[in-house]
Every structure is written in C-alpha cells, then in structure tokens.
Amino acid sequence: MTDVTPSTAVVLVAAGSGTRLGERMPKAFVRLGDRTILEHAVDRVLGMTDPVQLIVVVPAQELARARELVERRTGRVRELATVIAGGSSRQASVAAGLAALGPTVRTVLVHDAARALTPSEQLDAVARAAATASVVPGLPVTDTIKRIAEDVVLETVDRSELLAVQTPQGFPRDVLVDAYASAQEEYTDDAAVVAAAGHDVHGVPGDPLAFKITTPWDLQRAERLVAGPPASSLRTGIGVDVHAFSPDVPLWLGGLHWPDEPGLAGHSDGDAIAHAICDAVLSAAGLGDIGSRFGTADPGYAGARGEVFLRETVRLVTGAGYSIVSVAVQVVSQRPKLSKRRAEVEAVLEGIVGAPVSVAGTTTDGLGFPGRGEGLTAIASALVERLPGR
Ligand code: CTP
Ligand code: MG
C-alpha cells in the first residue's frame, strides 16, 4: 500500500474451477472477446468512481498468471491491487480475501469474477448503500416457481416475496469480518453468512448485466454482449444528374417516353432519373459513378436509353456481391408534371432495378435554372445490402 487510503475494498473471487462451463481451465482465465473473464471483471472494478482496494482471489496454482493479468489491467493503480490464493469453497476464498483487507477499509464488496459484465455503476451503487447497511442486490423473479417433492408439485410459491440475488454484495467491514469469523457452516452467499450471524441484510436493485457466467450458454450470451451488434451490411448511396432541356429531341425520363414535352440534351438520351439512380446505386456499392463506369464519350452509349445504363448497373452491383434494397428519386423541375405518370414510372424502374423505387417531384419556386425552365435535376438515393459471405 502507498499513501492512497481507500475506504472501500472489493474482494473479487475468481478461485473456482468452472466445472459447469467445462472449458478445461479455471473459469476466470476463459476468454471472453479480447480478454479473459477475470480481466473483464477487474476492468469494471477499476471503472468505479472512487479508488478501491482490489483483492483478487484465484486458484493457488494460477497466482503468477493472475498477477500478470491484473498488473496489465491496473497499470498505475496497481499498488491498490492484491492477488492471493483462494480455498476449496467460495466461502473459504472470500475468507482468504478478507484477511488481506487494508487498514483504512470501512466497506467491503464481495463480487464473483464470474459476473464479469457487472457495470461499474452497479458496483458504485452497492458501495454507496453498503456504507451504512448490509446489502444484497437482486432482480425480481419472473418465472412461476413451484415447490416440489420428487416430481410432485406441492405448491406455487408467491414470487412477489422472492429476489434472485447477485453480487457484488456489500457490507460494513466489521459486520462481514465478524460474521465470517463466526460462520459454522457453508453458505451459498455472503448475505447468508451475515444473516446467520444475526445481522439484518437489505435487498437493493440488481442489474441484468450482473448475470453469472456458469454454463456454455451463459458464455455465449456474454460473448454476444461484448461483441456488440453485428456490423451492418447496409450501405447508402447518392446520385445527382442534371440535363438541359432541348426542344429538338424527344423526352425520355424514368425509362418512359413523354410525348409533347421538350427533351433533355445529352450524349445519351438524357434520362436524368435513370442516370441519378445509376450513380446512387454505384456509389452505395462503392463502384464509382456512371461517368467512370460507362464513359461519357463511348460511342457505344451514344443516344443510349437510360434503361441500358440501369440494367448494366444492376449487373455490376450484383456481381460485386450486393443486392439493391430500395431507391428513392426526387426530380427538381417545372415540368413534366410527374404526378400524372408517377405509378407508371415507378413500375418501369422497379422492373429494371428489382427493388422498390419511389419517385417524387418538386420545384424551386421559380428560382434558378429549374425555375427558368432551362434544365432538370434528378437526385437519387439508394440502399444496398452486402450479401452474406461476400
Ligand atoms: N469461487 C472461488 N473459490 C471457490 C469456488 C468459487 O473463488 N473455491 C468463485 C468463482 O471463481 C466464481 C464465484 O465464486 O467467480 C461463483 O462461483 P461459481 O460460479 O460456482 O464458479 P465455479 O465454482 O468456478 O464454477 P463451477 O461451480 O461450475 O465449478
Ligand atoms: Mg462453484
């Protein structure tokens, strides 16, 4: 110990063998994500608001390895951490931990390393409550509980009277040390040792993340929790296309011919909706843009219908391992009036793209080149999904 004088100690018991987990090594050393169960538990103790004395209790044959792990996690606060050998029962391991309490400690938390994901906030909350009373955190029981003899149901237990208890459990130091000194039998938790010595113990709220890793199923659940949600396979893309009106050519827009409307000038047919969708879909799949993919000067595409670019775009993104989830387009122009043929445009585009396409129109309130009727802008967004295994 140095000049740091913590008033709280956490006895972290990790000396069990982990028989039910069945990993052929003591449970504390089993990996959970990028570190061991023990390191997860230590990290959460180190995350507590105030510095505490940390007493880690491990199997005697694992002392050296445990010291190395704990030193690695504790860094500059390592002077507050002690690693000692446990006993053949949990109670014996806790007793060994209590023997290492520092002189300034007034409140003791006893915590299972197997409850490795217990949040630091829960440790803080129990520490606060334990400054004045013996406390055991727990969650309400949600299953219906039956009392049985052999396989015969005797009665349904009133679950409103039940608490599924967890650790850390917290106690005034003297209460806990005296109770352990006078314990005559093995109890399953520290609150029972303290209650057997005649002290009141109070229930306080538990935390679902304080569940105990006991079986392989528990470990899987913990692994999912530390891994977080799976990385999304969804990608968004955006595309914009602008063409000037040209009264000399027919209007092709959204894959449809629009009679009696001024057309759009361009190397191809000027179908700004189709081109904006191509750009959006290519950008979502990270495949560049329509210009770099198809070459604006390529004579092969001279006068080509928007449909040609769309079909080729769908082929490219599918080949790169993506499927198109949906597309939305907005046309910014005074004309043509899209609302009249919107369903028709959407049906044609959906047939080519193979996914829902929504088309909307707006104006610029007479402002700028769209307002002057000089040209038309189409803005598209696309959502694509990377196919599994690609
Ligand atoms: N524990 C301990 N000393 C023991 C037995 C258990 O320090 N002799 C600790 C465990 O390391 C664990 C906590 O008490 O953090 C709760 O025990 P449990 O979940 O039963 O762990 P194990 O005893 O390791 O597992 P099993 O009962 O499946 O062997
Ligand atoms: Mg056990």
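The model is predicted. The domain assignment divides the protein into domain 1, residues 8-227, and domain 2, residues 234-386. Taken over C-alpha atoms, the centres of domain 1 and domain 2 are 62 Å apart.

Several polar backbone atoms lie close enough to be listed with a distance. An oxygen atom of ligand 1 lies 2.8 Å from a backbone N or O atom of valine 13. For glycine 18, a polar backbone atom is 2.8 Å from an oxygen atom of ligand 1. With glycine 87 the ligand atom is a nitrogen, 3.0 Å from a polar backbone atom of that residue. On its own, ligand 1 has 560 Å² of accessible area, and the protein covers 87% of it.

The next topic is the nonpolar interior. In soluble globular proteins, nonpolar side chains tend to be buried together. The largest nonpolar core of this model has 45 residues, of which Ile273, Ile277, Ile324, Val327 and Val329 touch the most other members. Helix H8, residues 272-284, gives the most to this core, contributing 10 residues. Isoleucine 324 illustrates how residues meet across the sequence: leaving aside residues up to four places away, isoleucine 324 touches Val281, Val314, Val317, Val353, Ala355, Leu383 and Val384. Another core, of 27 residues, lies apart from the largest one and includes Leu38, Ala130, Ala133 and Val204.

Two single residues complete the picture. Glutamine 91 is placed in helix H3, residues 90-98. Is glutamine 91 buried or exposed? Its relative accessibility is 10%, and because buried means under 20%, glutamine 91 counts as buried. The side chain of glutamine 91 reaches the backbone nitrogen of tyrosine 187 at 2.6 Å. Not counting residues up to four places away in sequence, glutamine 91 touches Tyr180, Ala183, Glu185, Glu186, Tyr187 and Val193.

Alanine 197 is found in the loop between helix H6 (190-196) and strand S12 (202-205). Its relative accessible area is 35%, which lies between the 20% and 50% limits, so alanine 197 is partly exposed. Beyond residues up to four places away in sequence, alanine 197 touches Ala179 and Ser182. Proline 137 is 60 residues from alanine 197 in sequence, and their C-alpha atoms are 19 Å apart in space.

Key
Residues are numbered from 1 along each chain as its sequence is written. Chains are lettered from A and ligands numbered from 1 in the order in which they are written. This is a predicted model: local features need pLDDT of at least 70, side-chain atom pairs count only at pLDDT 80 or more; totals for chains, interfaces and linings use all residues. Side-chain values use heavy atoms; hydrogens and water are left out. Domain bounds come from an automatic or database domain assignment. Helices (H or I, at least four residues) and strands (E, at least two) are DSSP runs, numbered from the N terminus. Buried means under 20% relative accessible area, exposed over 50%, partly exposed in between (1.4 Å probe, protein chains only). Contact means heavy atoms within 4.5 Å. A polar contact is a pair of N or O atoms within 3.5 Å; within protein, one must be able to donate a hydrogen and the other to accept it, and residues adjacent in sequence count only if both atoms are side-chain atoms. Accessible areas come from the Shrake-Rupley method with a 1.4 Å probe; for residues, only the protein chains shown count as cover. A nonpolar core is a set of buried Ala, Val, Leu, Ile, Met, Phe, Trp, Tyr and Cys residues joined through side-chain atoms within 4.5 Å.
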